[in-house]
Amino acid sequence: MRDAFIQEIERLAADPDGDERIVVVTADIGNRMFNRFREANPGRFVNTGIAEANMTGIAAGLAMAGLRPFTYTIASFNPGRCLEQIRLDICQHNLPVTVVGVGAGLGYASLGPTHHALEDIAWLRSIPNMTVLCPCDPVETRCAVRAALRHDGPVYLRLGKKGEPTVHFREPDFRIGGSIRLREGGDAALLAVGAVMPEALKAADLLAEKGVAASVYSFHSVKPMDTRLLESLFDSVSIVFVIEEHVASGGAWSAVAEWLAERGGGGARLGRIGMPDEFHHLAGGQGWARRHFGLDAKSVAGRIRSALKKCGS
Amino acid sequence: MAEGAKSLLSAYRGNNLREVAGLIRLGVIELSHRTGTAHIGSCLSVADILAAAYWGGLNVAPETAASPDRDRLVFGKGHAAAALLSALAARGFFPLETLDGFNREGGLLQEHPGPDWPAGVETAAGSLGHALSIAVGLALAASIQGRGYRVCAVIGDGECNEGSVWEAAMFAGGQGLARLCAVVDLNGWQGIGRSGEITALEPLADKWRAFGWHAIEVDGHDPDKLRDLLAAYGDGGKPTAIIARTVKGKGVSFMEDDNHWHYRTLKPSERLAAVAEIAAIPTPRQ
């Protein structure tokens, strides 16, 4: 996803009438990945050093002057180290800055809690003016970069790391406040948030083998949400699961639960597949951590089957 | 606002910076008294700096308040908003009636600057340690866009406790951002103590020098000198730090160097005494 991110930035800045407002601001992360952009756009690449608060304040200043900065570092630090600058300098002024967090969720599972970003959606979703986008693959990442650039306000772009499989084989209709259906199925619906998508798709395959038809959606826009989709799902299937590498508090599942409570409930049951309320200290990469916490395809399929049995479906 | 101060502020067309600073101080006293707003000491210490910046130090004027080429003053000391508002009103950035919305229920101006404040107020403020980074961003934008404007952040000595100030300072020094200036209103106090006793604040000018800045120490109540320094910076390959040594509560004898006036508001008798002291400074002939 990070390669797709910078390639799309390079393309947008380099078009014959390339966007001269784009500035990439990093807090000393992105070894070599920015070389081409920097060479092609002298002056519009800024490495602030390992100083996320300064990076974010600088981006606000750049945007106040009419530029379109993208701040970039690991998602645990961006927003973790600069939350107040995001809230006051960017969101309060409603500036078109895109805050890019790379390796979100369990992307850097083996590096420990310093590098886990499992609360970031909650932090940013709660700030007025902020839009939260969680693309699920490299193709959606490119779409999300363009959507962020078109949007006249702050965006949090929550990315995976690198090497995520491509799940879209043609460009989808990606819209802020929308969602994208990847599988059809009327028994259950899986709303996958971000890079965990391949597990949801594999889970749907496993369920199909057992005769369970599960639809799968890329729920890439956590704020604003696709409430039209939610309306139709909760009136049509018996269970809706949100799958995200995030804790329960304030994440995408929480956003759907809030919506459901305000709606007065009804229709489908809402399930959560996500992280527990604890720091994760065991060694192992993202795949291992997903299995450990039940976010892998097999566990997801099992959870959905037992939930359906409880529903009596 | 009292009619006297109102007529003084709206009538001022001169260019005597000590008179200007006196008007700003009167505006602070009146705004604070009318609305029960604190932080009078911080407002009074920064008055001469604002007079210098808005009356000749920076390329700012009401007519060019929206020009992309204007100099930018980024005000970090958000708690001294009453001083900023008084300065901008006196300079003619907005009608004096705008101040009627300050710190009143439902008014458009809270106690700290917001994102939609009137012309002349470049950024919201109130949380410390933000202004210098925003100023760095504005300075970088000028380079990227090929504009000639300069940027000046006005920050406090207490604000220099914030690590982000030094992130921005180290970066600006490393990049040699000559069009950037930081004015530190060094009034010697912060929230609940003397700034020099809480952290190793001094030698403050040397700190900025060590971070790659050109640093100048100056009497922060000499507005003519401040104006000359502000008018001159912008070349030389380094950002400029002006360490303005000030007195908290300057201009009102019973407030000077007394940190109670970080929090206290004025009794009617104190207001009259304060106005009398400030007005004793030569004021413009009507």
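Guide: The domain assignment of chain A gives domain 1 (2–158) and domain 2 (180–311); such bounds come from an automatic or database domain assignment. The model is predicted: local features need pLDDT of at least 70, side-chain atom pairs count only at pLDDT 80 or more, and totals for chains, interfaces and linings use all residues. Residues are numbered from 1 along each chain as its sequence is written, while chains are lettered from A and ligands numbered from 1 in the order in which they are written.

Visitor: How many residues does the contact take from domain 1 and from domain 2 of chain A?

Guide: Two residues are in contact if their C-beta atoms, placed from the backbone, lie within 7 Å. Here the contact takes 26 residues from domain 1 of chain A and 29 residues from domain 2 of chain A. On the domain 1 side, α5 (120–125), β5 (131–133) and α6 (138–150) of chain A give two or more residues; helices (H or I, at least four residues) and strands (E, at least two) are DSSP runs, numbered from the N terminus. The C-alpha centres of the two domains of chain A lie 26 Å apart.

Visitor: What is the radius of gyration of chain A, and what does the globule rule give?

Guide: The radius of gyration is taken over C-alpha atoms, and the globule rule is 2.2 Å times the number of residues to the power 0.38. Chain A has 11 helices and 12 strands. Its radius of gyration is 19 Å, close to the 20 Å that the rule gives for 313 residues, so chain A is as compact as a globular protein of that length.

Visitor: Which residues of α11(A) are buried, and which are exposed?

Guide: An α-helix has 3.6 residues a turn, so residues three or four places apart point the same way. A residue is buried if 20 or more other C-beta atoms lie within 10 Å of its own, exposed if 12 or fewer, and partly exposed in between, with C-beta atoms placed from the backbone. In α11(A), the buried residues are A:A297, A:V300, A:A301, A:I304 and A:L308. They cover an arc of only 95° around the axis, which puts them on the same side of α11(A); the arc is that of the directions from the helix axis to the C-beta atoms. On the other side of α11(A), A:S306, A:K309 and A:K310 are exposed.

Visitor: What covers the buried residues of α11(A)?

Guide: The cover includes β8 (188–192), α7 (197–209), β9 (214–218), β11 (239–247) and β12 (269–275) of chain A.
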